[in-house]
Amino acid sequence: MGHVRNYVIGDISARYHKLKGDHVIHPMGWDAFGLPAENAAIQFKTHPQDWTLSNIESMKEQLQQLDLDLDWDRELATCKEDYYRHQQELFIDLYNAGLAYKKDALVNWDPVDQTVLANEQVIDGKGWRTGAEVEKKVLSQWFFKITNYAEELLTSLDGLDLWPEKVKVMQKNWIGKSVGAEIKFLISGNEKALNIFTTRPDTIYGATFIAVSINHKIVSEYLDKDQIEKIKKDFANITDAKDKVGVSLNISCKHPLLDKEIPIYIANFVLDNYGEGAIFGCPAHDERDYEFAQKYSLPVIKVIDCDDADLPYTGDGIVVNSPLLNNLKKDQAILKITDFFEKNDIGKKSINYKLRDWGVSRQRYWGCPIPVIYYEDGTYRVLDKSELPVILPYDVSLK
């Protein structure tokens, strides 16, 4: 009945416009690729193509019995080559424009479905379909550079006068623009630096620890695979999402402005996609950092004027205990310290978005073939349009 309700809306609209004398194109399309069809075909010991096409025929017969105002001469299905060759053309156009690229990326891996999941398909750390514990895995993936358009997407929302305000707010939060600074923290005894994004560079003098994601590249330089897997499991077993848990890497960074060392921890609350997956902790002015500092006996240094009893103090105020910034207000301090970072090659102004480039590598078998040839030496070639379509092979083992 859900399909009846859905298609009757289009039917009413088409008939209404025809009665008004408008010319109406009302085609029918079947979104026919995807993992559910592949899993169902395996379950019923058939092929995804046979399974999908037979379902289309069955559904079409039912819709025709409803006598919907659909132009069946314009019918298409996304699993047919006369449709997906155009997807392949689009991929080639994007690649040639520098908007499609390949890189190793950390992805959500469902060990039961044996496939990559989008972030929204991971519910409380589990695959939305299988309920399996999702693993983080590095795979070679194709991406579209949608982040090139993050600012345009954001500013264009203001012109959408007919959109509900709550929807525009959701979009803004999804794009997630943060203006701040990226600061270099040099690792002690190592020539490398951690790049840390913060929206509060004015609190730099209050930094007393560094926290990185378990998937940060620095972790694999100091811990072996088994140690990392154990920490991942320990983090996954934390039942209270508010519980702040850290593991010391037994290394430290040099404070960029002071002659002191700052310990580096792996922490369960650091997001992989926030900057490069590393933050500096300022316990006096962040509730999360304060809890972490209390738990692991780390210093709490007040750098915004307030009563000690109010710590952690997260409001605005006058900067204190900060030689370069004392007596300045927040906005003044941010501008001054960011300028100082840039002049002294310590950091720079930076804009961070929660929005990430769109990973478009197909999940498993039943999907549009990406028009790329891979050679045995590891190189690859994106095809010319004259070589299309690349047809999905039928004779495969789905196991």
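Helices (H or I, at least four residues) and strands (E, at least two) are taken here as DSSP runs, numbered from the N terminus. The structure is a predicted model, in which local features need pLDDT of at least 70 and side-chain atom pairs count only at pLDDT 80 or more, while totals for chains, interfaces and linings use all residues. Residues are numbered from 1 along each chain as its sequence is written, and side-chain values use heavy atoms, with hydrogens and water left out.

Trp 174 is found in helix α6, which covers residues 165–175. With a relative accessible area of 47%, Trp 174 is partly exposed, where buried means under 20% relative accessible area, exposed over 50%, and partly exposed in between (1.4 Å probe, protein chains only). Together with Tyr 149 and Leu 153, Trp 174 makes a nonpolar surface patch of about 310 Å²; such patches are made of residues with over 30% relative accessible area and no salt bridge, with like charges joined within 9 Å and nonpolar side chains (Val, Leu, Ile, Met, Phe, Trp, Tyr) within 5 Å. The areas come from the Shrake-Rupley method with a 1.4 Å probe, and for residues only the protein chains shown count as cover.

**Helix α4**

Helix α4 runs over residues 81–96, and its 16 residues should span 22 Å at 1.5 Å a residue, which agrees with the 22 Å between its end C-alpha atoms; the expected span is 1.5 Å times one less than the number of residues. Tyr 84, Gln 88, Phe 91 and Ile 92 are the buried residues of α4. Seen down the helix axis, these buried residues fall within an arc of 105°, so they line one face of α4, the arc being that of the directions from the helix axis to the C-beta atoms. The face turned away from this buried side carries the exposed residues Asp 82, Leu 90 and Asn 96. On the buried side, the packing partners are β3 (100–110), β7 (135–144), β16 (372–374) and β17 (380–382), with contact meaning heavy atoms within 4.5 Å. Just after α4, Gly 98 takes a positive phi of about 75°.

One of the strands that α4 packs against, β7, holds Gln 141. Gln 141 is buried, at a relative accessible area of 8%, and, leaving aside neighbours within four places in sequence, is in contact with Tyr 101, Lys 102, Lys 103, Ala 105, Val 107, Val 116 and Ser 361.

**Salt bridges**

Side chains of opposite charge can pair when their charged atoms come close. A salt bridge is counted when a side-chain nitrogen of Lys or Arg is within 4 Å of a carboxyl oxygen of Asp or Glu, and by this rule the count comes to 25.

| Pair | N to O distance |
|---|---|
| Asp 93 and Lys 385 | 2.7 Å |
| Lys 177 and Glu 151 | 3.0 Å |
| Lys 168 and Glu 165 | 3.9 Å |

The salt bridge between Asp 93 and Lys 385 has a 2.7 Å N to O distance. Asp 93 lies in helix α4 and Lys 385 in the segment after β17, so this pair ties together parts that are 292 residues apart in sequence. Asp 93 is partly exposed at 37% relative accessible area, and Lys 385 is partly exposed at 36%.

Lys 168 and Glu 165 both lie in helix α6, three residues apart, about one turn of the helix. Lys 168 counts as buried at 10% relative accessibility, whereas Glu 165 counts as partly exposed at 49%. Elsewhere, Asp 286, Arg 288 and Asp 289 are linked in a network of salt bridges.
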